[in-house]
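Welcome! Please open the structure in your viewer and keep the selection tool ready.

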Amino acid sequence: METRRLLRTFGIGIGTAGLLISGCSSSGSSPNASATGTAAPEGLSSYYTQKLSWRDCGVEGFQCATMKAPRDYDKPDDGDIDLAVSRKKATGPGKRIGSLLVNPGGPGGSAIGYLQGYAALGYPAPVRARYDMVAIDPRGVARSEPVECLTGKEMDAYTQVDQTPDDAAEVRKLTAAFEKFAAGCEKRSGKILPHVSTVDAARDMDVLRALLGDEKLNYVGASYGTFLGATYADLFPKRAGRLVLDGAMDPSLEAVEMNRDQTAGFEGAFQSFAADCVKQPDCPLGTTSPADAATALKQLFKDLDANPVPTGDHRKLGEALATTGVIAAMYDEAAWPQLREALAGAQRSDGSGLLSLADSYYEREPDGKYANLMFANAAVNCLDLPPAFDGPDAVEKAVPDFEKASPVFGRGFAWASLNCAYWPTGATGAPHPTKAEGAAPILVVGTTRDPATPYKWSESLADQLSSGILLTYEGDGHTAYGRGSDCVDTAINTYLLEGTPPTDDKKCN
C-alpha cells in the first residue's frame, strides 16, 4: 500500500486504479489581471504565442506535440520544461465546438495514455464528433519530464514494507522506507520537485488553451483531475468553459481530514463488496454477514503479515501487497468477481491473484519496471498540502480515529499518511475553499458510494464553487461518467454539447 491513495478514474479497468490523497494548493504566483481576458499574463507572452508542431504519434488518428512552459512561473526566465501533448481531431458530423481537455486523475496518471487508450475511443460519439479530444501529461508525469525516485527492485522492496507496524522496530523500518523514497526522488529529480504542484499544472493548461486557439477551456477531469480543473477555474474564472468535475475532491480540507475521509470511503466500498460477496456461493469470506466477511479479511491480512505466501514470482504476498490488491478492486464493482477469486487463492497459499491486482495498482510491468505513477503522486501530494503527520507519535495518536473510520483498513491508512513528513521539498499549498467567482456553470459529479472521493466531497465542492451544480449518481464505484448510467451520461453529454447543465442536485441511479 502506497503513501496516499491515488485518486484516479477507473476508465481502462483495474490498471487505472490508484493510491491516498492529493490535497489542494493555493501556491504559485497568481495570474496577472490580464489573464482573465485574452492577453497572456505578464512575462509569459513567449509561452502563450509559441507554435505547436504537430506530428503523427504512431497511434492511428492521434497527433502529438511538445509544449514549453516555464519551470518556475515566478521566474519565467530561469528555464523551460517540456510538456507532452496529444490530440485526436473532431470527427464530425456537426459543427466543431473546440477542444476538450481530459485528465484521468492521480496525481500521476498519464492523461495522454488515458486519451489514447480510452477517452478518444470510448467517450460518446457525439462528443468526439464535435470536439478535438486533447490531453497533456502534467509536469512530472509520464512523458512530461517524469519524476523518478526508485529502481524497479527498490520499488519492489518499498511496496512490501509493512504499513501496520506492530513494534518500534517495524516503525523504524517503515519510516526508513519513506526516507529512502524521498531521498531517491531528490537525487533523481531534485530540479523539478519544487515545480510540480497542481497550480503549476493548471497554469500549463491555460498556456495550452491559448495555443489550441480556444477562448475558453472545456474540460473533463476525473478524481484528482477535479482538483486540477477546479484550480484552473479559480485561477482563470473568465476562461473556464464547460467544466465537468467527476468524483470531486474537497480543496478546503487538511491532509489528515482528507485521508481519514477516504479511509471511511474505502470502508464503505468494502462493505458494499462484502454485502454482495456473502450472497455468492464462492465467497471466500463466508456467506453469513458483511461483519463476518470483514473479520475474515482482517484475519487473512494478519495471517499474511506473519506468513507471506508464494505468488509464482520472486516476491511473496504479505499483508502490504494483499491490502493493495484489495484496495485496487474497490474502485469498480466489475472487479469484485476477480477479487473473490484472488482472496480464495490467497487462502490456499496462492498469492498470485492479489499480487496481480497490486501490480496493476502500482503500474508495474511484468519485467519489473514501474511507471512513474507513484513517484509523481507523492511529488504532487507533498507540494499541495502540508503533511498529515509530523512523525510516528502523531500517527499513533490518530490511529483510533482511522480505525473508527475503517476497522479493516484504518491502521494501515493512518501509517501510509506519514510519507510527506520526510519529503525534501516543503509544501507550497494550503487548504482553502475554491470559489471561481465569475466562472460559467461548473458541473460537479458525485457517486454516493465512491471509495476514493467520498460523496460529501462533491457536495462540498459544488457548494464552494460560485457556479457549481451537483449531479449525483446513487451507486458504487469511483466516478460516474461512462460507467453505465444513461441518466448521468445524458446529463453530461447535453452540457458538453449544448452548454446546458442539468438542474442543480439532479439524482441518477
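Predicted model: local features only at pLDDT ≥ 70, side-chain atom pairs only at ≥ 80, totals over all residues.

**Stop 1**

Switch to a cartoon view and look for the strands. In what order do the ten strands of the open sheet come? Going across, the order is β2-β3-β4-β7-β5-β8-β9-β10-β11-β12, and the pairing is mixed. Now select residues 55-56 (β2) and 506-508 (β12), which stand at the edges. Each of these two has a single partner strand, so one of its sides has no neighbour in the sheet.

**Stop 2**

Select residues 80-88, which make up strand β4. Is this strand mostly covered or mostly uncovered? It is mostly covered, as seven of the nine residues in β4 are buried.

You can find two of the pairings by eye: Met67 has Leu83 of β4 as its bridge partner, and Ala69 is partnered by Ile81 of β4.

Next, select residues 131-136 to show strand β7. β7 pairs with β4 through four bridges, again in the antiparallel sense. Click on Arg87 and you will find Val134 of β7 opposite.

**Stop 3**

Move along to residues 442-449, strand β10. Why is this strand described as largely enclosed by the rest of the structure? Because six of its eight residues are buried.

Here the pairing is parallel. Select strand β9 (residues 240-246): four bridges pair it with β10 in the parallel sense. Then select strand β11 (residues 468-476), which runs parallel to β10 and is joined to it by seven bridges. Leu245 stands opposite Val444, and in β11 the bridge partner of Val444 is Leu470.

**Stop 4: helices α4 and α5**

Time for some helices. Select α4 (residues 152-159) together with α5 (residues 168-189). Their axes lie 10 Å apart, and the two helices pack at an angle of about 155 degrees. That angle is over 145 degrees, which means α4 is roughly antiparallel to α5. The crossing of α4 and α5 is left-handed.

Show the side chains at the contact: Glu154, Met155 and Tyr158 come from α4, while Ala177, Phe178, Lys180, Phe181 and Arg188 come from α5. Sorted by class, this contact of α4 with α5 has five nonpolar and three charged residues, with no polar ones.

**Stop 5: helices α11 and α12**

Now select α11 (residues 336-347) and α12 (residues 352-362). These two pack at an angle of about 130 degrees, and their axes are 6 Å apart. That makes α11 oblique to α12. Which residues make the contact? On α11 they are Gln338, Leu339, Ala342, Leu343 and Ala346, and on α12 they are Gly353, Leu354 and Leu357. The contact of α11 with α12 has six nonpolar residues, two polar and no charged.

**Stop 6: Tyr331**

Finish with Tyr331, found in the loop between α10 (319-329) and α11. Is Tyr331 buried or exposed? It is buried, with a relative accessible area of 0%.

Conventions
Residues numbered from 1 in each chain as written. Heavy atoms only, no water. Axes fitted to C-alpha atoms, helices over the stretch in contact; angles between N-to-C directions. Parallel < 35°, antiparallel > 145°, perpendicular 65-115°, else oblique. Left-handed = near helix turned anticlockwise from the far one by under 90°. Contact = heavy atoms within 4.5 Å. Nonpolar A, V, L, I, M, F, W, Y, C, P; charged D, E, K, R; others polar. Buried < 20%, exposed > 50% of the residue type's maximum accessible area, 1.4 Å probe, protein only. Pairing = 2+ DSSP bridges.
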